[in-house]
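Have a go at each one before you read the solution.

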Amino acid sequence: QTQNVMSLFASVDLWRKVATGVIGLTAAPAIPMIGVAVAPASLPNDLTTKFATMAAVWSDLTGVKVQLSIFYPFIGVCKLVGIAGIMGFFGRDVEVVCSVLYAILCACATYTLYKIKEPLFPPIFIGALSLLRLRL
């Protein structure tokens with residue numbers, strides 16, 4: 001019976017690592033988001049257009065014009081720091097906070113994608129995964 005318990009803990013640890021790795025893959029889109037501030041002219045036109053459309057969702061919601069040069073680098077940094085926190089770089093307490101905040105970021109991304117009529121599965125899945133891994 002002790003061996004079964006140890007096996008269960010090993011599989012939970014494996015799934016936690018898999019979940020963390022999948023969340024880590026979402027860091028890739030943060031690079032062009034930060035690129036909006038660093039080198040906006042180097043971004044492809046279709047990406048710039050998509051970013052502008054997404055920012056318009058939040059401008060409409062808040063009634064305040066969202067500046068791309070501020071908004072997307074902020075979101076990109078939030079993603080990178082959040083993922084680093086989820087991966088445990090800042091300790092267990094921060095890991096828990098980052099997991100919850102990352103789920104909120106994913107909820108906001110879900111709202112944005114809903115408004116621009118794009119698939120909702122990716123942020124819903126990643127947000128749920130960031131909360132689920134807290135239970136593992």
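Two exercises follow, each with a worked solution. The model is predicted, so to speak of a local feature takes pLDDT of at least 70 and side-chain atom pairs count only at pLDDT 80 or more, while totals for chains, interfaces and linings use all residues. Residues are numbered from 1 along each chain as its sequence is written, and side-chain values use heavy atoms, without hydrogens and water.

**Exercise 1.** Work out how helix 3 and helix 4 pack.

Step 1: Find helix 3 at residues 45-62 and helix 4 at residues 68-86 (helices are DSSP runs of H or I, at least four residues, numbered from the N terminus).

Step 2: Their axes are 11 Å apart, at an angle of about 95° (axes are lines fitted to C-alpha atoms over the stretch in contact, and angles run from 0 to 180 degrees between N-to-C directions).

Step 3: The two helices are therefore roughly perpendicular (65 to 115 degrees).

Step 4: Phe 51, Ala 52, Met 54, Ala 55 and Trp 58 of helix 3 meet Leu 68, Phe 71 and Tyr 72 of helix 4 (contact means heavy atoms within 4.5 Å).

**Exercise 2.** Which helix gives the most to the lining of the largest pocket?

Step 1: List the helices that each supply at least two lining residues: helix 2 (30-38), helix 3, helix 4, helix 5 (92-115) and helix 6 (121-135).

Step 2: Pick out helix 5, which gives the most, with seven residues.

Technical notes:
Parallel < 35°, antiparallel > 145°, perpendicular 65-115°, else oblique.
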